[in-house]
Structures are given as C-alpha cells and as structure tokens.
Amino acid sequence: MTTNSNAGSPPVNGLLLLALGLLIGVISGYAYAQRNVTAQPINLPTASTNTSCPFDLDHADEAIISGIICPSATCSGALATCHCDTAHQIKKYIKQALADGRPPTEVLDEAKTLYSF
C-alpha cells in the first residue's frame with residue numbers, strides 16, 4: 001500500500017497563492033494611492049468664501065452690537081463676528097426681539113442685562 005503524503009498540499013498551496021495575490025494587491029493599491037495623494041491639489045476654503053451663519057444679524061441691525069466685545073470667557077473678539085455659543089445666544093435673542101418690533105436701544109439694554117456685557 002502506498003500513501004500519498006502530498007494529498008493535502010494542493011489546497012494549501014492554492015490558499016497560500018490566493019493570500020499572496022491579495023497581499024500584493026493591497027500593497028500595490030496602497031502604493032498607488034500614496035503616489036497620487038501628492039498629485040491632487042487640496043481645495044481649502046479661502047477667506048473670500050461666503051458662509052453665512054444663521055445667527056448673524058442683518059447688516060442694518062449689526063450696528064446695535066458694533067464695538068461690543070463678546071462676554072464669553074473663551075473668546076475676546078467682537079460680538080458681531082464671534083461664533084461661540086454665547087455670541088449665538090445673544091444674537092438669537094436680539095434678532096427675535098427686533099423681529100417682535102421692539103426698539104433697538106431697549107433690546108440692547110435688555111441683552112446687556114441678561115448676558116452681562
């Protein structure tokens with residue numbers, strides 16, 4: 001009786017070849033992707049990009065808060081251009097009060113009292 005010691009080899013060899021082919025494919029794909037990363041320009045937003053914030057006041061109403069510094073402890077910029085949570089709350093309050101027809105000076109005085117600025 002003869003025994004074939006190589007009976008299990010063909011399936012193992014096939015799996016090894018498949019794994020080797022997949023590994024070569026992954027490495028080739030990675031190398032190709034890395035080579036093309038530098039070839040593509042990155043389009044970053046520029047300062048001229050106009051992104052409107054829903055909390056910004058209308059241009060005519062912006063004069064109400066001109067010259068006021070944001071009262072938040074995390075920022076120290078002008079309230080009109082600040083986009084922190086506190087600035088958004090103040091601007092939202094002012095927009096709503098003005099939309100209700102209240103006088104701008106009254107709205108500003110109440111906002112100063114409410115938000116301590």
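Biologist: Which residues touch the most other members in the largest nonpolar core?

Modeller: Ile65, Cys70, Leu79, Ala87 and Ile94 do, out of 17 residues in that core. A nonpolar core here is a set of buried Ala, Val, Leu, Ile, Met, Phe, Trp, Tyr and Cys residues joined through side-chain atoms within 4.5 Å. Buried means under 20% relative accessible area, exposed means over 50%, and partly exposed is in between (1.4 Å probe, protein chains only).

Biologist: What kind of model is this?

Modeller: It's a predicted model: local features need pLDDT of at least 70, side-chain atom pairs count only at pLDDT 80 or more, and totals for chains, interfaces and linings use all residues. Residues are numbered from 1 along each chain as its sequence is written, and side-chain values use heavy atoms, leaving out hydrogens and water.

Biologist: New topic. How many salt bridges are there in the whole structure?

Modeller: Three. The rule is a side-chain nitrogen of Lys or Arg within 4 Å of a carboxyl oxygen of Asp or Glu. One of them joins aspartate 56 and lysine 91, with the closest N and O atoms 3.5 Å apart. That pair links distant parts of the chain, 35 residues apart: aspartate 56 sits in the loop between H1 and H2, and lysine 91 in helix H2.

Biologist: Is lysine 91 buried or exposed?

Modeller: Lysine 91 is buried, because its relative accessible area is 1%. Aspartate 56, at 23%, is partly exposed.

Biologist: Which residues are linked in a network of salt bridges?

Modeller: Arg102, Glu106 and Glu110. Arginine 102 meets glutamate 106 at 3.3 Å, N to O, and glutamate 110 at 1.9 Å.

Biologist: What about aromatic pairs, how many of those?

Modeller: One. Tyrosine 93 and tyrosine 115 are edge-to-face, 6.2 Å centre to centre with 65 degrees between the planes. Rings of Phe, Tyr and Trp (its six-membered ring) pair if their centres lie within 6.5 Å; planes under 30 degrees apart count as stacked, over 60 as edge-to-face and the rest as tilted. Tyrosine 93 is in helix H2 (residues 85-99) and tyrosine 115 in helix H3 (residues 104-115), 22 residues apart.

Terms used
Helix = DSSP H or I, 4+ residues; strand = E, 2+ residues; numbered from the N terminus.
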